[in-house]
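This report concerns the surroundings of two ligands in a protein model. Please read it alongside the sequence and coordinates.

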Amino acid sequence: MSDALLEVSHLSKSFESGNLEKGMIPAVRDVSFQINRGECLGIVGESGCGKSTLARLITLLTPADSGKIRLNGSEYMHSKDKGREIYRQIQMVFQDPFSVFSPRMQIGTFLEDGLVYYQLLTRRKAAEEAVKLMRMVELPEELLNRFPHQLSGGQLQRVVIARAISIHPSLIILDEATSALDVSVQKQILELLVRLKKEQKLTYLFIGHDLAVVRSISDRIQIMYAGSVVEELRSENLKQAVHPYSRELLDSIFSVRDRHTERIQVKTLSLADAGYEACGCQYRRRCPCAMSVCAEKVPELTKAGQEPGHTAACFLVSR
Amino acid sequence: MTILELKHISLTYDGIRNILDDISFSVQSGEIIGIVGESGSGKSTLLHVILGLIPDGSVTKGECFLFGRSASERKRRELKKLRGEEVAMIFQDTGRYMNPISRVGAQYKEYLTAHGYRGRKKCIEKEKEMLSRVHLKDTERILHAYPFELSGGMRQRVGIAMAMSLKPKLLLADEPTSALDVTMQAQVVYEMMELRRKYGTSIILVTHNIGVAACMSDKLGIMQNGKLVEWGNTGDIISCPQTEYTRTLLDSVIEIDDERMTGKNE
Ligand SMILES: Nc1ncnc2c1ncn2[C@@H]1O[C@H](COP(=O)(O)OP(=O)(O)OP(=O)(O)O)[C@@H](O)[C@H]1O
Ligand SMILES: Nc1ncnc2c1ncn2[C@@H]1O[C@H](COP(=O)(O)OP(=O)(O)OP(=O)(O)O)[C@@H](O)[C@H]1O
Ligand SMILES: [Mg+2]
Ligand SMILES: [Mg+2]
């Protein structure tokens, strides 16, 4: 038996553009990957390239146009009992923790409700469990009686993670879950996630923009551009990425240790640069290495470099 | 020339806890100030005070002088005009400040018209120019979209484009790049630096990205629990932080060459 927990194959989703002449927006196109049990897969990519849409497709918050998703070997996109069971198995944590809470709900109630609904605990049992959860995420017990606005963003995000974990999901999707937090709280939360992953063999899909953060927590990383995965590699090899877009990302990082950032080259795009390309490689107009073939054919993910598990969708690699 | 001066500002919402506690600093013309610090330490609130976007009576102490005049002296109408033309703000969560049932283009136009732009053509020209500067290439679609049809980072970039439209003298940027990929972040940093270079705009940049703050700002302020715990030249603070909290923050920054987290030594 394979160790795959989640298998996504040929998943696609287009949105209708409000502006009719422009037709459809291919937010996610033909994306395939798998996540093994106990693994963390990181996703980085251009703003608007379809990361959140991908997460919403997996959790069935948005219906896919085509493709298959399997959890533990069974396809669930069209299964009857989707709703509740899928939400129990796949939990999602968003960037803004405030959006998850209703303002008049106490923190304790928020934690208990999940346990009562999904774990079918009694209120009393759930209340006891809530205390343990607070301890697990290193928050003082007295916060249980508080309302969301009385907690800081970092504290609230830890509550959201505690609730997600309390339901014993198979997979937790974290969509920019730490980007609104200060670096010290962020580090605490990442450490917590790594610890829980180890202790409880949790599986994560971690979406983020900070390459160093994503690299630090993930085992593997996928780089997305304009709806497709353009490169995949093990985190420890991130700096050996070969796709020109990945290189552009790596060259754009601001560092505290090396704050003389004249090295960061800003490419100003020309106004004529339209949205999505009708054919060929989506990145080609920005690409410093574009060749004539890039306008003709769509590059597919093929083996790149020496390391195992490293693939890239670029004609520089595939020829 | 001093653009902004805060003198001993304290603020409370409930009369018990000080959200801002005796904050003083000043901003010179063309200066870029970075503010970093704890989540919930009052950074956004501080920017709201400067813009006059807080409930009456919540500032319990101190005064805020903008272009040499105290905010309390100004009339409401004057304050409103000031916002946008002289002082512009990029909000932390642009999505929350946008009207969900009105198209982006309509909101943008309203903003420009409120500040003196006349004529549909002129507005659209400006909108397209600004949006393409923040890499929102597909301008027709963006202007036609409702906020929910855009990704988080796209909404954030609309906010940035709007705030930079009127070439303000002072730009308050609250987490302008937190939802952007790093190449767009570099682009936005570049555009802000250009604003200063071309028009002498002063900028207060609130961010959790200490790398960006370190690169952009002349001076750096560190906030914790409503207080400005450290203030000084950016280089000095980064190379030799004076407070324990600043050290903790700097030590928590994860960089691309660091050891990956394994959860072993816990
Ligand atoms: N409900 C919707 N209606 C129309 N278009 C949509 C909708 N949701 C997303 N889109 C479009 O799909 C594309 C992908 O959006 P998505 O939110 O998945 O991006 P993202 O990778 O998460 O970006 P970010 O990093 O900025 O959060 C964007 O072009 C967006 O405008
Ligand atoms: N309208 C309000 N009523 C009561 N408390 C508030 C209100 N707005 C903010 N607060 C509280 O004020 C404190 C400071 O909030 P603020 O948003 O300024 O923090 P911040 O430093 O910007 O944090 P972050 O880094 O998370 O953006 C927080 O504890 C918050 O809960
Ligand atoms: Mg997103
Ligand atoms: Mg804030």
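This is a predicted model: local features need pLDDT of at least 70, side-chain atom pairs count only at pLDDT 80 or more; totals for chains, interfaces and linings use all residues.

Residues are numbered from 1 along each chain as its sequence is written, chains are lettered from A and ligands numbered from 1 in the order in which they are written, and side-chain values use heavy atoms, with hydrogens and water left out.

**Ligand 1**

There are 21 residues around ligand 1, and those that come nearest are Gly48(A), Ser52(A), Thr53(A), Glu149(B) and Ser151(B). A residue counts as near if one of its heavy atoms lies within 4 Å of the molecule. The site is shared between chains because the residues that surround ligand 1 come from chains A and B. Sorted by class, this shell holds seven nonpolar, nine polar and five charged residues. In this scheme Ala, Val, Leu, Ile, Met, Phe, Trp, Tyr, Cys and Pro are nonpolar, Asp, Glu, Lys and Arg are charged, and the others, Gly among them, are polar.

**Polar contacts**

A polar contact is a pair of N or O atoms within 3.5 Å; within protein, one must be able to donate a hydrogen and the other to accept it, and residues adjacent in sequence count only if both atoms are side-chain atoms.

| Ligand | Residue and part | Distance |
|---|---|---|
| Ligand 1 | Glu176(A), side chain | 3.4 Å |
| Ligand 2 | Gly42(B), backbone | 2.9 Å |
| Ligand 2 | Lys43(B), side chain | 2.8 Å |
| Ligand 2 | His208(B), side chain | 3.0 Å |
| Ligand 1 | His209(A), side chain | 3.0 Å |
| Ligand 1 | Arg141(B), side chain | 2.8 Å |

On its own, ligand 1 has 640 Å² of accessible area, of which the protein covers 90%. For ligand 2 taken alone the exposed area is 640 Å², and the protein buries 72% of that. Accessible areas come from the Shrake-Rupley method with a 1.4 Å probe; for residues, only the protein chains shown count as cover.

**Ligand 2**

Ligand 2 lies between chains A and B. It is surrounded by 14 residues, the closest being Gly40(B), Lys43(B), Ser44(B), Thr45(B) and Gln92(B). Helix α1 (residues 43–51) of chain B gives the most to this shell, with three residues. Helices (H or I, at least four residues) and strands (E, at least two) are DSSP runs, numbered from the N terminus. By class, the shell around ligand 2 has two nonpolar, nine polar and three charged residues.
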